[in-house]
Amino acid sequence: MTQLAVIAGDQRSAVLAEWLNADLLDFDAANLDAAEFFLAYRDGCLRLLDRQTLKKGGLTVEIDPRPGEQHSYPAPKKDLLAQAIGKKTHTVVDATCGWAQDSLALFRMGYQVTCIERSPVMAALIQDGFERLAQKDWVRRRELSPPTLLIGNAIALLADLSEAPDCIYLDPMFPAKKKQSAATRKSMAILRDILGDDLDRQALFDAAWAATGKRVVVKSPDHAEPLGGKPSQSFQGKLLRYDVYLK
Ligand SMILES: C[S@@+](CC[C@H](N)C(=O)[O-])C[C@H]1O[C@@H](n2cnc3c(N)ncnc32)[C@H](O)[C@@H]1O
């Protein structure tokens, strides 16, 4: 069984399957055993599905504000993420973009965000999310451009940035505690199933430290050792921490 297949739809599905070098399948029950994960364009979004969700909604890059977030632009810089990134910071490179939820929260707060993602599957989902974002009324009215997405390994790409950003943000996949927390969202669990842990996260920290202008921020589960040794500052949440390393 292959890991991932694309479900046939319009021309975009064929282009995506070719880009990912993945099988292009017709959607019928016989194909449910053909792959562990599927990508499909449905209801105007690119969606990632596993076999349990194949007939339901699937997961997509969510571009609307998170629950409880203010809908104004720029949204207030008041949560732990914003405190860690710094209110005076302008440019942020999110070197581990994933589902882009942190990148998009930073974008809505008015930071200038560049994203890096090495998984081509996640990159396709992010690109689709950013294209939908560009069509939103509030984005068009203000003539904003969605974050730039660079596809590849951040360890190499960070060394090639033309200008050092104020902040490089890292949220790599750490090994899970033996018992996965009930709070682990489906989107993160599926990411872990597809990609596994980011075993080169130490090298990623070193690359970020070398490339940043002012600070590196690392989001970690609360049980993990700080990635860059003792941080300059730490912002503790319920199950996670933001460690800040100032140059
Ligand atoms: C835990 S997820 C990030 C979640 C993200 N902060 C969000 O809000 O959705 C980690 C992501 O970083 C990516 N990643 C990890 N190491 C990377 C590297 N060296 N270069 C590029 N992407 C990387 C993984 O492929 C994965 O998609």
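A residue is called buried when its relative accessible area is under 20%, exposed when that area is over 50%, and partly exposed in between, using a 1.4 Å probe and protein chains only. By this criterion Asp128 is buried, with a relative accessible area of 7%. The structure described here is a predicted model, in which local features need pLDDT of at least 70 and side-chain atom pairs count only at pLDDT 80 or more, while totals for chains, interfaces and linings use all residues. Residues are numbered from 1 along each chain as its sequence is written, and side-chain values use heavy atoms, with hydrogens and water left out.

Side chains of opposite charge can pair when their charged atoms come close. A salt bridge is taken here as a side-chain nitrogen of Lys or Arg within 4 Å of a carboxyl oxygen of Asp or Glu, and by this rule the count comes to 15. Asp128 takes part in one of them, with Arg132 as its partner and a distance of 3.1 Å between the closest N and O atoms. Helices (H or I, at least four residues) and strands (E, at least two) are DSSP runs, numbered from the N terminus. Asp128 and Arg132 are four residues apart in helix H4 (residues 120-134), which means that about one helical turn separates them. Arg132, at 18% relative accessibility, also counts as buried.

In the pair formed by Asp50 and Lys186, the closest N and O atoms are 2.7 Å apart. Asp50 lies in strand E4 (residues 45-50) and Lys186 in helix H7 (residues 186-195), so this pair ties together parts that are 136 residues apart in sequence. Asp50 is buried at 7% relative accessibility, whereas Lys186 is partly exposed at 39%.

Lys219 and Asp102 form a further salt bridge, with their closest N and O atoms 3.0 Å apart. It links distant parts of the chain, as Lys219 belongs to strand E9 (residues 215-221) and Asp102 to helix H3 (residues 101-108), 117 residues apart. Both residues of this pair, Lys219 and Asp102, are buried. They also belong to a network of salt bridges that links them with Arg66 and Asp171.

Strands of a sheet pair through backbone hydrogen bonds, either parallel or antiparallel; two strands are counted as paired if DSSP finds at least two bridges between them. Four strands form an open sheet with mixed pairing, in the order E2-E1-E3-E4. Strands E2 (23-25) and E4 are at the edges, each pairing on one side only. Strand E1 (residues 2-7) runs parallel to strand E3 (residues 35-42), and four bridges join them. Thr2 has Ala35 in E3 as its bridge partner.

Helix H1 (residues 11-20) packs on this sheet, touching E1, E2, E3 and E4, and its direction makes about 155 degrees with that of E1. Contact here means heavy atoms within 4.5 Å; axes are lines fitted to C-alpha atoms, for helices over the stretch in contact, and angles run from 0 to 180 degrees between N-to-C directions. Helix H7 lies across E1, E3 and E4 and runs at about 70 degrees to E4.

The ligand has 20 residues around it, and Asp102, Glu117, Asn153, Ala154 and Asp171 come nearest; a residue is included if one of its heavy atoms lies within 4 Å. A polar side-chain atom of Glu117 lies 2.6 Å from an oxygen atom of the ligand. A nitrogen atom of the ligand is 3.2 Å from a polar backbone atom of Arg118.

Technical notes. A polar contact is a pair of N or O atoms within 3.5 Å; within protein, one must be able to donate a hydrogen and the other to accept it, and residues adjacent in sequence count only if both atoms are side-chain atoms.
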